[in-house]
Amino acid sequence: MIPYRVPPVRQLGPARLTAGLEDCRRMDLAAHRDMHGTAPGMSGEELAALADEVDMRGRGGAAFPFARKVRAVMDKKPEKIVLVNAAEGEPASSKDTMLLTRTPHLVIEGALLAAGAIGAKQVVIATVEGGMGQTSVTTAVEERGIGDQVRVAGIVERFISGEGGALVRSVNGQIGEPPGRKVRAVESGVNGLPTLLSNAETYAQLAVLATLGAERYADVGTAREPGTVLLTVGGSAKAPAVVEVATGTPLYAVLDACQASTGDGVLVGGYHGGWLHPDAAAVATVSRQGISEAGGRLGAGIIVPLGGETCPLGETVRVARYLADQSSGQCGPCRLGLPDVARSMAEFMGGSAAALDELRARAASVKGRGACFHPDGTAGFVLSALDAFPDDIEEHLLHGTCGRPVHGVLPLPPQENEPEVRLTVDWTRCQGHGLCARLAPDLVRLDEHGYPVFGRDTVPAQFRRMARRAVEMCPALALRVVRGT
């Protein structure tokens, strides 16, 4: 047995992906086959037709029809790849880690099924380098003796690691950032080959669907979205867990199972999702349609109840700053827009009505203009807070605070060992030359008098070279780099 901590699992209704896990820490190959059997082989068109019958969608957040991906790749040139996205760079999610650590053969089974159907020569499972998921799935590959067919690729963990283009680049040995232009994996993915790319839960669902058949698979859930979904429930929940639920389950039942309440609001879909007001959360049901009707987006199945002890807007701005720092810095909406969004939000929380108007304008301006979905997702997350927390907004505008501290209910990665880097100015030397703003436009702007104003509290790693150059070129030797808090 592999000695690592496994995420707790709960089930509401029939267990499909989590079947057997109530009695088993980790399902080895024998336990997997006893519980799930072996998925039957089928052609690409048979697989696509089966996925179409239950309208299977990707579970990584975009909800793209799986059958369309299969049909897009199966007629490409003979060499193809199946890529499993288990990167899970989203700090609030652990469902893919749960699958890899506790029932890895279900993910492998689905990936092998897809590979056989489209004639792919290799399966690549991409997960966090050095993580417990990598250890578990590597062991599972060895149990099956398929190391020549399945490769486990460890990648650097970042928020944008799971973006399709970034994932492909990581697997190809490049820097794990979006490529800056739209490149479809079905056209050119791993090693430049046509690649069927989907999320770990999607492949696990595929294995269950193929084994049960469409009719039995659709015995649970709603008619429009049959089956189950995996949810990561955290935040203020007293019993956080990965929960498997049938679609159509009331959201309040999921929160009750994890000893949580809606509190001041519930974040659904993660940091590219959005906030639900308590009234909306109380009547929402778990499905793409149900969450959409409540004003949210199910995304990758992340549920974060806020509770009532922390400042909702303060929690939001913490994450907005994190998302700005996680940008790959390839396009203006990320480099400039997202730090501006975070800064405007922090300013309006101090009582500035003008900053609130500025925040709305800046968030709207980045949407639809990025090289990937990161600016859109971040802007949507921030704007949803303005709809979900009107009373808190009023309190901050009137008093500069709502009176509650920020407890850090929304999870963020621990700070790296490397100390923070900040830019400062020796105002006894600064003469307002303005060169720093031209050399480091992502970090410095000029006020109405021509003196530098810093757009970020700290300097992200990708901009530290830029900061050093601005310091070195400052004519008055006024600009400084300071390490630490």
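**Sheet and cysteines in a predicted model**

User: How many bridges join strand 3 to strand 4?
Analyst: This model is predicted. Strand 3 covers residues 122-128. It runs parallel to strand 4. The bridges that join the two number 6.

User: Which residue in strand 4 does Val 123 stand opposite?
Analyst: Strand 4 spans 150-155. Within strand 4, the residue opposite Val 123 is Val 150.

User: What is the order of the strands in the open sheet?
Analyst: The sheet has 4 strands, with parallel pairing. From one strand to the next, the twist averages 20°. The order is 4-3-2-5.

User: At about what angle does helix 4 run to strand 2?
Analyst: Helix 4 is made of residues 95-102. It lies across strand 2 (81-86), strand 3 and strand 5. Its angle to strand 2 is about 115°.

User: How many disulfides does the count come to?
Analyst: Seen from Cys 474, the closest cysteine sulfur is in Cys 436, again too far for a bond. By the 2.5 Å rule, the count of disulfides is 0.

User: Is Cys 474 buried or exposed?
Analyst: Buried means under 20% relative accessible area. Cys 436 has 12% and is buried. Cys 474 has 15%, so Cys 474 is buried.

Definitions and conventions
Residues are numbered from 1 along each chain as its sequence is written. This is a predicted model: local features need pLDDT of at least 70, side-chain atom pairs count only at pLDDT 80 or more; totals for chains, interfaces and linings use all residues. Side-chain values use heavy atoms; hydrogens and water are left out. Two strands pair if DSSP finds at least two bridges between them. Axes are lines fitted to C-alpha atoms, for helices over the stretch in contact, and angles run from 0 to 180 degrees between N-to-C directions. Contact means heavy atoms within 4.5 Å. Buried means under 20% relative accessible area, exposed over 50%, partly exposed in between (1.4 Å probe, protein chains only).
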